[in-house]
Amino acid sequence: MTLPEALRVAIIGAGPAGFFLAEKLLAQNDVPVSVDLYERLPTPYGLVRFGVAPDHEKIKNVTRQFDKTAVRPGFRYFGNVDVGSHVTLDDLRRHYHQICFTTGAQTDRHMGIPGEDLARSHPATEFVAWYNGHPDFTDRTFDLSVERVAVVGVGNVAVDVARILCRTEEELAETDIAPYALDALRASRVKEVYLLGRRGPVQAAFTNPEVKELGELPGADVRVPPDEVTLDPVSQAELDRGEDHSAPKKVEILREFSTRSRAGRSRLLTIRFLVSPVELLPDGNGAVQAMRLVKNRLVAGKDGAARAEPTTEFEELPVGLVFRSVGYRGMPIPGLPFDERAAIVPNDGGRVAPGLYVSGWIKRGPTGVIGTNKPDAAETATAMLADARNGAGPSPSESRTAIESLLRQRQPALVTFPDWQKLDRLETERGKALGRPRLKVTSVEEMIAALGRG
Ligand code: NAP
């Protein structure tokens with residue numbers, strides 16, 4: 001067995017999973033490594049740029065860590081390169097010992113109910129990508145002339161969407177929200193927002209700081225129907241088992257919300273539990289005008305986890321806009337196996353096949369916060385480095401310089417990390433002039449033109 005002179009790694013996807021993995025590989029001294037980080041868009045950071053809510057500026061500070069990785073010797077960024085069209089997996093295999101996909105979960109789950117695809121019913125992920133200026137979503141329109149909106153699901157994405165809908169114009173104007181979204185939200189006539197959980201407060205997926213923040217919005221009163229935070233025996237037993245340390249506090253926060261009366265803020269945010277949408281009802285033009293809900297009760301599943309079971313009690317909620325926020329979903333990667341049920345690439349600690357790996361959401365599913373990707377990356381990096389030490393996996397036939405020439409030939413508008421830094425400075429300078437953290441460039445053409453390459 002001979003150790004490769006330097007292990008050459010390609011990571012596909014420059015979100016947190018990709019950057020944390022690059023850091024793990026480059027920060028060790030055992031195996032010499034070079035990393036090329038590929039990204040389909042010109043801009044790096046994935047969901048930190050396009051997922052984290054614009055009013056959560058501090059969470060985005062994690063990019064400072066990524067920027068330190070980007071200046072490590074042996075790191076290259078290849079932005080605006082679509083693996084699958086500009087270069088194939090076979091091309092990459094000729095140039096790298098190891099390839100790791102960190103492409104995340106790029107689509108959304110469906111509720112599977114009649115009317116789900118009516119006009120004015122949207123995946124929350126699209127609304128998020130739109131207000132964050134993702135170039136693929138700038139052309140979406142959301143009818144904010146309606147007064148009542150429902151967000152289905154009680155995860156952190158649902159909370160983000162509800163909060164952005166409830167923020168005042170002044171609050172939004174201090175963020176890096178996309179300029180067109182700021183205009184649209186300024187003109188919003190939304191007065192009531194509903195967050196709909198199919199199970200109870202104990203099982204709610206949102207985290208405590210996020211739900212607490214909903215009670216501190218200057219522009220919206222928050223409300224929870226008291227009977228929906230009264231714990232049933234299944235929830236009480238779950239709470240008593242103490243497996244989820246955050247649950248007691250969560251219940252306390254929600255109970256406090258349920259005691260509040262209206263304080264005269266212009267919007268009302270209602271958090272509901274134990275209800276599931278069963279149908280979206282159309283108006284005469286085929287757009288949502290109401291949602292039919294069924295009341296649920298909780299039953300203990302075989303594993304002890306509470307499951308929502310529909311009762312025979314129904315109600316109609318008049319809402320003109322629906323965001324389904326029931327989770328992201330991974331997409332198959334050509335050339336790699338795919339588990340349709342879990343929507344992940346099946347793997348063993350990140351290993352998929354000799355020389356092929358996964359990390360992040362496409363490895364474990366769309367769970368956890370940004371930092372969860374760090375231990376996940378450590379596990380994948382351990383597998384990759386062990387394989388390199390053991391000489392497992394194929395050896396590339398082409399040199400490290402050959403791939404850059406090939407890429408530049410296939411994609412003349414390739415974006416390097418210094419290119420991104422130039423764009424970053426431009427965005428922050430433009431933002432500063434308006435008293436905002438940055439003014440995002442939201443089209444790929446504009447980005448390339450701004451780099452003087454259009
Ligand atoms: P999530 O945390 O998995 O929440 C999905 C929600 O949808 C759950 O409440 C789930 O209820 C519900 N749901 C699923 N299927 C449903 C159905 N058919 N009908 C009704 N409700 C349904 O997913 P997410 O909100 O998309 O977030 C993804 C990940 O990103 C999470 O780990 C989240 O914490 C993270 N994130 C973090 C932040 C932050 O830290 N600020 C912000 C955004 C996202 P059940 O529990 O009953 O299945």
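Because the model is predicted, local features need pLDDT of at least 70 and side-chain atom pairs count only at pLDDT 80 or more, while totals for chains, interfaces and linings use all residues. Numbering runs from 1 along each chain as its sequence is written, and side-chain values use heavy atoms, with hydrogens and water left out.

Domain 1 brings 22 residues to the contact and domain 2 brings 25, with contact meaning heavy atoms within 4.5 Å.

The size of an interface is often given as the accessible area lost when the parts come together. Here, about 1900 Å² is buried between domain 1 and domain 2, and carbon and sulfur atoms give 53% of that area; buried area is the accessible area (1.4 Å probe) that two parts lose on being put together, summed over both. On the side of domain 1, the residues losing the most area to domain 2 are F50, P54 and R436, which together account for 32% of what that side buries.

Polar links also cross this interface. Between domain 1 and domain 2 there are 11 residue pairs in polar contact (N or O atoms within 3.5 Å; within protein, one must be able to donate a hydrogen and the other to accept it, and residues adjacent in sequence count only if both atoms are side-chain atoms). Helices α2 (47-50) and α16 (444-450) each supply at least two residues of the domain 1 side that touches domain 2, helices being DSSP runs (H or I, at least four residues) and strands likewise (E, at least two), numbered from the N terminus. The interface of domain 1 and domain 2 also holds 4 salt bridges (a side-chain nitrogen of Lys or Arg within 4 Å of a carboxyl oxygen of Asp or Glu).

Salt bridges come to 43 in total by this rule. One of them pairs E126 with R140, with the closest N and O atoms 3.1 Å apart. E126 lies in helix α5 (residues 124-131) and R140 in the loop between α5 and β7 (148-152), so this pair ties together parts that are 14 residues apart in sequence. Another joins R167 and D55, whose closest N and O atoms are 2.7 Å apart.

Finally, R120 sits in the loop between β5 (107-108) and β6 (121-123). Leaving aside residues up to four places away in sequence, R120 touches D143, V146, D283, A287, V288, G320, L321 and V322. The side chains of R120 and D283 are joined by a polar contact of 3.4 Å.
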